[in-house]
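Visitor: Please pick one part of this model and take me through it closely. I would like to know how its pieces are arranged, and then what else in the protein deserves a look.

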Amino acid sequence: MAGKGVTSQPLPAGPPVGIDLGTTFSVVAVCRKGKVEVLANDSGSRTTPSVVGFMGGESFVGEAAKDLPASSQVYDAKRLIGRPWKDDNVQADRKLWPFDLVEENGAPIISVNMDGKSEIFAPEEISAMVLKDLKKTAEDALGQTVTKAVITVPAYFNERQRQATKAAGAIAGLEVVGMINEPTAAAIAYGLDNESSTKKTVFIYDLGGGTFDVSVMVIQDSEFRVVASGGDTHLGGQDFDTRLLNHCVELCLQEIRTQHGIDLWALKDQQSLQEVRRACELAKRKLSSVHEAPLSVFLARHQRGYATKISRARFEDLCADLFRKTIEVATEVLADSEVPRADIDEVVLVGGSTRIPKVRALLAAFFGGKELRHSVNPDEAVASGAAVRAAVLTGDTQANKLVKLKDVTPLSLGTDEIGGRFSVIIPKNSPLPCKNTRYYVTVEDNQSTITSEVFQGERPLFKDNHSLNKEVTVAVPVKPEGQAGVNLTFEINVDGLLTVTCVEPTTGRSQEVQITQKEAHLRDADIRAEKAKRYQREDDDALREVQERLRAQRFF
């Protein structure tokens, strides 16, 4: 009520929140006095669709956006954030989205039709709109201003993707006090719900709408230690929907094509394709509880409808290779952890896609029939763990008693070395935070500088790994070969963000760089650890050749 002498009062400062910024749904939670609460939005739901819609010069988020025509919606920003334009997954996905993508400075930018005019948004800006809506949800629920948050990311997000996610938080008006890997956050939620002083080795299997993560963790009392992590940042429920979509368009809708001359692919009819996708997603969800589900769609643009049925067996056949892929990743992470399957005490399911019966059956069989744990809410566990982490990082003494976290980095980091070798400075699965220094010497007489480039990957030759497009150069005293050098330090903080420092020890000359989203042009498909294993024989031969050449040159 406004009136003379009346003024609005700012909301008091509130606690930090934990945010699960998901591909399909997002969740916000808070931890106060050692208790976690998942906060409901103004629709009364504790999950918010990660969808932004545009109409009449305004933007809408969540359910309000999903109610708009498909052509007005933007989603899957998490599948774009931090990726370069040339990324194979970006180019494949853009054929399925109702919105357009354009290239800007080597990055994918989203183009939206706003009242007849084209407006462009970076993926970070779309994610920021979702984050801002979650911020408002928290403020409405708490009656306090929310300015600090911990945001979750897939364990296998690279440097560029992590930095881009942090940038989205800043655009939304949030100070990102930390980031936490999604399976680690889920493990915290599981551990708090299953308090025990007994040491447990837990396998976290997190299959969401767009990403897949696994982690092996050791939990005892309040200590949570990550042993190994891995995953695929482009595998989840959206991919299962796409398999059903392809099936329907190519086979189930053949009748519409032959009888009415409507070919959705040929016409590039994105509106109708999205209507089919919605029907596929609904059928997929029903198939988690029934063996056969109706799949019906009405194409409003063409005033035509089609109805059929899809069996669970057919769905499982369409997605069989994707389901198997999750088991392949699980096998690799277990190998990295050096923990035998029999020594895994609990297998914990997280993410909405773990409701699929075939996924559960494959995982149970993988662990020899072990009972799977789904006591934590698969949709809310990640946000709950992030809320606890947020409380810990901002000095909440009660939360600090609940959780002492030790995470790991999922990919090796290092530099190039004479002869073409990749010199690892921080190995993958190193506990975070971590810091390591190696000394590198000159390789020529009278060399005046040493330049080191930063690489990420698992292969022995630096040319086969991926440059983070950053290097450090420091002047060194002019001396004979091998008598001058630099200390090269790699440091990764608790959020997995990297700082590289190069120092010449006698003069103190130094250079420091950090990796930002514009500088780390990586393609996730190329840094997969299994690729390193696929090329192992080739790598061994190449490394032997380098070593022999170096011996001959007296550099080895």
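Guide: Happy to! We need one criterion before we start: two strands count as paired if DSSP finds at least two bridges between them. Please keep in mind that this is a predicted model. By that criterion, the order β22-β21-β25-β26 describes an open sheet of four strands with antiparallel pairing. Its edges are β22 (421-426) and β26 (466-475); each has a single partner strand, so one side of each is left without a neighbour in the sheet. Averaged over the sheet and ignoring direction, neighbouring strands are turned by 35 degrees against each other.

Let's zoom in on one of these pairings. Strand β21, residues 413-417, runs antiparallel to β22 and is joined to it by five bridges. If you want one to find on screen, take Gly 414, whose bridge partner in β22 is Val 424.

Of its 556 residues, 54% are buried. Among contacts with a separation of 6 or more, 65% are between residues 24 or more positions apart.

The largest nonpolar core has 49 residues, and Phe 203 and Tyr 205 have the most contacts inside it. Helix α11 supplies the largest share of this core, seven residues. Leaving out residues up to four places away in sequence, Tyr 205 touches Phe 212, Asp 213 and Val 214, as well as Thr 326, Val 348, Leu 349, Val 350, Thr 354, Val 359 and Leu 363. Apart from this core lies another, with 44 residues, including Val 51, Phe 54, Leu 101 and Ile 126.

On the α11 side, the residues in contact are Phe 323, Ile 327, Ala 330, Thr 331 and Leu 334; on the α12 side they are Lys 358, Val 359, Leu 362, Leu 363 and Phe 366. By class, the contact of α11 with α12 has eight nonpolar residues, one polar and one charged.

Terms used
Residues are numbered from 1 along each chain as its sequence is written. This is a predicted model: local features need pLDDT of at least 70, side-chain atom pairs count only at pLDDT 80 or more; totals for chains, interfaces and linings use all residues. Side-chain values use heavy atoms; hydrogens and water are left out. Contact means heavy atoms within 4.5 Å. Helices (H or I, at least four residues) and strands (E, at least two) are DSSP runs, numbered from the N terminus. Ala, Val, Leu, Ile, Met, Phe, Trp, Tyr, Cys and Pro count as nonpolar, Asp, Glu, Lys and Arg as charged, and the others, Gly among them, as polar. Axes are lines fitted to C-alpha atoms, for helices over the stretch in contact, and angles run from 0 to 180 degrees between N-to-C directions. A nonpolar core is a set of buried Ala, Val, Leu, Ile, Met, Phe, Trp, Tyr and Cys residues joined through side-chain atoms within 4.5 Å. Buried means under 20% relative accessible area, exposed over 50%, partly exposed in between (1.4 Å probe, protein chains only).
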